[in-house]
Amino acid sequence: MGRIITDYDSFSGVAEQYKKDQMTGKIQITKTQDVSKIFSANAAEQNAIGNGNWKGDMHKVASIPLVVCEQWTNELKAMGAESTSPFHNSNRRFLIAKLNDYNNSKLRTKSGRL
């Protein structure tokens, strides 16, 4: 790999590294984000709300880091989804499954199944 260029967005905390392969000329982009503060805030919000009721029309159920959204977008691309946005109405089942998955519990701000 050739020269590495790094870009950092101080607002979102996303760091991007661009590497150019000298042999192929292809550029590889790697994004990273420290998600620990988001996970801590999600846990605090979930604890403050408790297991309260689900009455009403609107509930905040998650705060999802940008790098996770991009990962899910890439998964949808690989699946050949019509829309690659995890938040598009056509991907509702995909998003609900991701948010109900125990492995993604740190994304949740409200407990219970969606």
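Close-up 1. Glu75 is partly exposed, at 25% relative accessible area (buried is under 20%, exposed over 50%, partly exposed in between; 1.4 Å probe, protein chains only). Lys98, by contrast, is buried at 18%. The two form a salt bridge, with the closest N and O atoms 2.8 Å apart (a side-chain nitrogen of Lys or Arg within 4 Å of a carboxyl oxygen of Asp or Glu). Since Lys98 sits in helix H3 and Glu75 in helix H2, the pair ties together parts 23 residues apart in sequence. Helices (H or I, at least four residues) and strands (E, at least two) are DSSP runs, numbered from the N terminus.

This is a predicted model, so local features need pLDDT of at least 70 and side-chain atom pairs 80 or more, while totals for chains, interfaces and linings use all residues. Numbering starts from 1 along each chain as its sequence is written, and side-chain values use heavy atoms, leaving out hydrogens and water.

Close-up 2. Strands E2 (residues 14–20) and E3 (residues 27–33) run antiparallel, joined by seven bridges (strands pair if DSSP finds at least two bridges between them). Tyr18 has Ile29 as its bridge partner in E3. Six residues separate the strands, and Gly25 in the turn shows a positive phi of about 80°.

Close-up 3. Glu16 and Lys31 meet in a salt bridge at 3.1 Å, N to O. Glu16 counts as buried at 15% relative accessibility, Lys31 as partly exposed at 34%.
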